[in-house]
Amino acid sequence: MTALAEEQRSQAALQFLLLDQDSDGYIASDQLGEYLRTVGLYPTPSDIAGYLPIVDPHGTGKVAQEDALQLAEQLYPQRTTPEELHAALKVLDDDADGYMTTAQLRLFLVSLGTRLTTEEADEIIHDVEKDADGMINLEDLAQMLMPRNAERSI
C-alpha cells in the first residue's frame, strides 16, 4: 500500500518535472528541499542532508525522479496538517487577537520547532502580508504556508 493516492503521486511527479529543467529525469541534489516543499513537506536543512545519501547514494549531485517520488511517499505521512498549523499559530497568539508582530514571527521561526536561519526567516517575513501597523494576520500566514487544498494535493 502506498501513502499517496494516484492523483497525489501524479501531482508529485508533475512537481518534479517542473524542476527538471533539461527533462533528463533528474534534478540537482540541491533542489531536493525545494521539491519536497512543493509537495507539502517542510524538511530542515539537516533533514535534507540526511535524505541525500538515500536518493543520491553515489554522490552524483543528481536525484532521479523515482527516488524523489519514493522519498516523498515515505515522508508524506509525517507532513504537517492544516489543523496542526492552525493550532501552533493559535498558541503563538499571545493576546488571542489573530495577529502577531514580525518580531514574534522571527523569534518563532529561528528558535522553535524546525529552526530556520535568520536569512530564511527574513525571506518568509518579507513575503508575509502585513497590515499598516506591521502586524501579521495569522489566518493569512496559515494560508501562505499551507494553501487550503493542502490535504488534497501533494
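Residues are numbered from 1 along each chain as its sequence is written, and side-chain values use heavy atoms, without hydrogens and water. Because the model is predicted, local features need pLDDT of at least 70 and side-chain atom pairs count only at pLDDT 80 or more, while totals for chains, interfaces and linings use all residues.

**View 1. Helix H1 packs against helix H4.** H1 covers residues 6–19 and H4 residues 65–75; helices (H or I, at least four residues) and strands (E, at least two) are DSSP runs, numbered from the N terminus. The two axes are 10 Å apart, at an angle of about 130°. Axes are lines fitted to C-alpha atoms, for helices over the stretch in contact, and angles run from 0 to 180 degrees between N-to-C directions. H1 and H4 are therefore oblique to each other (under 35 degrees is roughly parallel, over 145 roughly antiparallel, 65 to 115 roughly perpendicular, the rest oblique). From H1, Arg9, Ala12, Ala13, Phe16 and Leu17 meet Gln65, Glu66, Ala68, Leu69 and Glu73 of H4, contact meaning heavy atoms within 4.5 Å. Six nonpolar, one polar and three charged residues make up this contact (Ala, Val, Leu, Ile, Met, Phe, Trp, Tyr, Cys and Pro count as nonpolar, Asp, Glu, Lys and Arg as charged, the others, Gly among them, as polar).

**View 2. Arg9 and Glu66 form a salt bridge.** Their closest N and O atoms are 2.7 Å apart; a salt bridge is a side-chain nitrogen of Lys or Arg within 4 Å of a carboxyl oxygen of Asp or Glu. Arg9 belongs to helix H1 and Glu66 to helix H4, so the pair ties together parts 57 residues apart in sequence. The whole structure has four salt bridges.

**View 3. Helix H5 crosses helix H8.** The axes of H5 (residues 82–92) and H8 (residues 138–145) come within 10 Å and cross at roughly 145°. Leu85, His86 and Leu89 of H5 touch Leu138, Glu139, Leu141, Ala142 and Leu145 of H8. By class, the contact holds six nonpolar, one polar and one charged residues.

**View 4. Helix H6 crosses helix H7.** H6 spans residues 102–111 and H7 residues 118–127, and their axes come within 9 Å at roughly 140°. H6 and H7 are therefore oblique to each other. Thr102, Leu105, Arg106, Leu109 and Val110 of H6 meet Thr118, Ala121, Asp122, Ile124 and Ile125 of H7.

**View 5. Residues 7–42 carry a UniProt annotation.** The unreviewed entry gives "domain: EF-hand" for residues 7–42, 80–115 and 116–151; such annotations may be inferred rather than shown by experiment. Residues 7–42 are 56% helix and 8% strand, with end C-alpha atoms 21 Å apart.
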